[in-house]
Amino acid sequence: MNSKKLSQLTNIPISTIRYYESIGHLPSPKRSENNYRQYEDKHAQILQSIRFLTYLDFPLAEVRAFYQAIQNHQVDTNYLMERLTKKKMTYTYSLKN
């Protein structure tokens with residue numbers, strides 16, 4: 001899919017998608033013969049994950065560390081679950097107050 005379609009699917013602006021590519025949060029897509037970016041479903045999944053984690057106020061550096069750990073098959077699931085649980089508790093507390 002092209003940039004516009006990915007942007008519409010994920011509801012993330014093209015400029016943000018390109019920014020995530022430039023800082024290494026999103027792998028560079030393949031290019032078509034006319035040099036257009038050709039994204040795959042995995043790019044949409046990664047963007048949705050980034051959006052979810054940033055929504056929970058994870059800093060982009062930590063989002064990148066999670067992504068790299070997943071790519072390298074070195075995910076510390078206990079650490080990830082602990083961080084998600086803490087974020088959930090913080091978010092729930094802030095909603096109540």
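T10 lies in helix 1, which spans residues 3-10. Helices here are DSSP runs of H or I with at least four residues, strands are runs of E with at least two, and both are numbered from the N terminus. The model is predicted: local features need pLDDT of at least 70, side-chain atom pairs count only at pLDDT 80 or more, and totals for chains, interfaces and linings use all residues. Residues are numbered from 1 along each chain as its sequence is written, and side-chain values use heavy atoms, with hydrogens and water left out.

T10 counts as buried because its relative accessibility is 6%. Buried means under 20% relative accessible area, exposed means over 50%, and partly exposed lies in between (1.4 Å probe, protein chains only). Neighbours within four places in sequence aside, T10 is in contact with I17, A44, L47, Q48 and R51. Contact means heavy atoms within 4.5 Å.

Q68 lies in helix 4. Its relative accessibility is 34%, so Q68 counts as partly exposed. Q68 and H25 are 43 residues apart in sequence. In space, their C-alpha atoms are 8.5 Å apart.

The whole protein has 5 helices and 2 strands. Along the sequence, the pattern is α-α-β-β-α-α-α. Of the 97 residues, 28% are buried. Among contacts with a separation of 6 or more, 47% join residues 24 or more positions apart. The accessible surface comes to about 7000 Å². Carbon and sulfur atoms hold 52% of that surface. Accessible areas come from the Shrake-Rupley method with a 1.4 Å probe; for residues, only the protein chains shown count as cover.

The largest pocket holds about 190 Å³ of space. Its lining has 13 residues, and the closest to the centre are S49, L53, F66, Y67 and I70. Helix 3 (41-55), helix 4 (60-71) and helix 5 (77-96) each give two or more residues to the lining. Helix 3 gives the most, with 6 residues. By class, the lining has 10 nonpolar, 3 polar and no charged residues. Ala, Val, Leu, Ile, Met, Phe, Trp, Tyr, Cys and Pro count as nonpolar, Asp, Glu, Lys and Arg as charged, and the others, Gly among them, as polar. A pocket is an open set of points on a 1 Å grid over the protein atoms alone, where a 1.4 Å probe fits, with protein on both sides within 12 Å along at least five of seven lines; lining residues have an atom within 4 Å of a point. Points are joined across faces, edges and corners, and the volume is the space filled by probe spheres set on them.
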